Amino acid sequence: MSAVLPVTPTVEAAAGHRLALRRFTRNRLAVAGLAVVVLFLLFCFAGPLLHSTDQTHTHLTQVNLAPSGAHLLGTDAVGHDELGRLMYGGKVSLLVGLAAGLLATVIGTLWGAVAGYAGGWIDAVMMRVVDAGIAIPALFILLVVSAITTPDTWGLVVILGLVSWLVPSRLVRAETLTLKGRDYVLTLRAIGGTHGRAIGRHILPNSVSTVVVAATFQVADAILLVAYVSYLGLGVQPPSTDWGGMLSAGLTAAYSGRWWLIVPPGLAIILVVCAFNAIGDGLRDAFDVRGRG
């Protein structure tokens, strides 16, 4: 009679992730969102290789031109090709959103895992810090910081990451409180395993679903936040721009009928944010054990 090998937590988690992937691919809205994100990444990062434009110098003889064969989305108030500007601004928006979302998720994951695993007064103090941070609107902090200093692209990434990690930390803490009572964690501690090994070997790997879902929503929130700040003129400064800055620059022109200065960046923000939210919803449903059968 052959022996039955025990199923380790790592193998069990891997099987769960494969099942989640299959469920995600059956979610049409989530797959459509993923396709939209991929298309925008190609448009913003590979597009300039096919449609090269000068987004640094002004071209005063070509200002405010309507869409045509020479300029598919027209030009802006200083003669920049609007299609090239949309690619250039999208590169900044997506780069800031992805990097800030990743940074916020990493900080929040580590903070929540330590707080949930430690418990007691350490957990209480760390989560009161989180509660205090959540009570202050992130947009208010961004406006204050942007008014004091002029952030560049990576400065915005750091600022957004430092104001956006609070929600992921609460999600990971709740997951950690559940996982730290599992048999494999208790066994590791009983045989002398360190706290760091317990967190790194079991808590964090088994919290991947929560972390991935949180990261997706954080990226969408970061793209919106940088659009808010740039719309108010406190984001990246010229000649750099992002979709929020393009909206701000084209707002007055919209009243003059130059719709091409405001509709494309506005649609880009809406489509990308909705796409990331659709991906997040799809991932949340895919990892939801109540829906597995």
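This is a predicted model: local features need pLDDT of at least 70, side-chain atom pairs count only at pLDDT 80 or more; totals for chains, interfaces and linings use all residues.

Biologist: Is F40 buried or exposed?

Modeller: F40 is buried, because its relative accessible area is 14% and the cut-off for buried is under 20%.

Biologist: And how does F43 count?

Modeller: F43 counts as partly exposed, with a relative accessibility of 24%.

Biologist: Switching topic, how are W111 and W165 arranged as an aromatic pair?

Modeller: The rings of W111 and W165 make a tilted pair, with 5.1 Å from centre to centre and 55 degrees between the planes.

Biologist: Which parts does that pair tie together?

Modeller: W111 sits in helix α3 (residues 82-118), while W165 belongs to the loop between α6 (153-163) and α7 (166-179), so the pair links parts that are 54 residues apart in sequence.

Biologist: What about accessibility for W111 and W165?

Modeller: W165 counts as buried at 11% relative accessibility, whereas W111, at 27%, counts as partly exposed.

Biologist: How many aromatic pairs does the count come to?

Modeller: The count comes to 4 aromatic pairs. Among them is the one between F40 and F43, which is edge-to-face, with 6.4 Å between the centres and 80 degrees between the planes.

Methods: Residues are numbered from 1 along each chain as its sequence is written. Side-chain values use heavy atoms; hydrogens and water are left out. Rings of Phe, Tyr and Trp (its six-membered ring) pair if their centres lie within 6.5 Å; planes under 30 degrees apart count as stacked, over 60 as edge-to-face and the rest as tilted. Buried means under 20% relative accessible area, exposed over 50%, partly exposed in between (1.4 Å probe, protein chains only). Helices (H or I, at least four residues) and strands (E, at least two) are DSSP runs, numbered from the N terminus.
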